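This briefing concerns strand pairing and helix packing in one protein model. Please consult the sequence and structure shown here.

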Amino acid sequence: MAIITLTRQSGSLGDEIGMLIARRLGYTFYDKKEIENRIIAKGFRKEDFVKFDERKPSFLDRFTKNRDKYLNYLSAVILEIAREGNCVIMGRGAFLFLRDVPSHITLRFVSTLSERLRHIKEITGITTDKVALKLLTDSDKRQAAFYKSCFHYDLNDHSLIQATINTALVPPDMLSDMIVAGIKNNVTEQIENAGQKKVSELILAQDMTNKLIFEHGLHIDELWVLVNDKTVTLHGLTSFHATVERAETIIESEYAGYKVVSEIRCVQDNRFSKA
């Protein structure tokens, strides 16, 4: 039971190959629409969803809590899908949420510009290269801006991607067969069990994050909670040591049996700001 995440350039046949992989493995394919439906079902407004989904938020939206809420809902949905297992997830930064999961496999599909233009014209009915090129260029810019703004991640950095594949060089059927065979031959029961354990820890970390930020209203920027067995490590930025102490107390009191280690940095503390 593997968890497969995919990213792709527009026009690279990534969606088509992803669906082939899911079909041949008997997995469920999750695209933008399915993820959108799950996020909205949790209570996030559709009109806010379209402002953030694989695009750079506007200047004003970046300074509201809606982006943080979007990422929180997105993380929750991706982790729920991962817990269900046997899944192929397209885009939405899923591979970054799941990058430490042993049973997680992430691939990126790219292609030559000529093939991308040919394919995008074929599926949209566009007849000129000029219009098709603008569509591809705009899509690439939106995708790159989304990853940079929401994850501080450069899509040209493939260090977190297990394989980047040029789909212009391998037919989709052959490519999907190669990927399916690799998964079947290498994802063992031991890897699956380790993956499910890690997903459970990620879900618990997500719950702890929600507890600190949304339920208790603590002001910790870029909060990242890491759960490893019975140790919880808190990362982030805040202005006061009292906030750090409060976070530690909340986790220790509401999650019995977990040891808390704080790596939260205090960038300012009024108690020590006197000249």
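Are H1 and H8 parallel or oblique to each other? The model is predicted: local features need pLDDT of at least 70, side-chain atom pairs count only at pLDDT 80 or more, and totals for chains, interfaces and linings use all residues. Residues are numbered from 1 along each chain as its sequence is written, and side-chain values use heavy atoms, with hydrogens and water left out. Helices (H or I, at least four residues) and strands (E, at least two) are DSSP runs, numbered from the N terminus.

**Packing of H1 and H8**

- The axes of H1 (residues 14–25) and H8 (residues 172–186) cross at roughly 45 degrees and come within 9 Å; axes are lines fitted to C-alpha atoms, for helices over the stretch in contact, and angles run from 0 to 180 degrees between N-to-C directions.
- H1 and H8 are therefore oblique to each other, given that angles under 35 degrees count as roughly parallel, over 145 as roughly antiparallel, 65 to 115 as roughly perpendicular and the rest as oblique.
- Residues of H1 in the contact (heavy atoms within 4.5 Å) are Ile17, Leu20, Ile21, Arg24 and Leu25, while those of H8 include Pro172, Leu175, Ile179 and Ile183.

- In S1 (residues 3–8), 6 of the 6 residues are buried, that is, under 20% relative accessible area with a 1.4 Å probe, protein chains only.
- Ile3, Thr5 and Thr7 cover one side of S1 and Ile4, Leu6 and Arg8 the other, all of them buried.
- S1 pairs with S3 (residues 87–90) in the parallel sense over 4 bridges, where two strands pair if DSSP finds at least two bridges between them.
- Ile4 has Val88 of S3 as its bridge partner.
- S1 also runs parallel to S4 (residues 104–110), to which 6 bridges join it; the bridge partner of Arg8 in S4 is Phe109.

**The sheet S6-S7-S8**

- Three strands in the order S6-S7-S8 form an open sheet with mixed pairing.
- S6 (221–228) and S8 (259–266) are the edge strands, each pairing on one side only.
- From one strand to the next, the twist averages 10 degrees.
- S7 (residues 231–238) and S8 run parallel and are joined by 8 bridges, with Ile264 of S8 as the bridge partner of Gly236.

**Helices on this sheet**

- H9 (residues 189–215) lies across S6 and S7 and runs at about 140 degrees to S6.
- H10 (residues 241–254) packs on the sheet and touches S7 and S8, its direction making about 160 degrees with that of S8.

Terms used. Buried means under 20% relative accessible area, exposed over 50%, partly exposed in between (1.4 Å probe, protein chains only).
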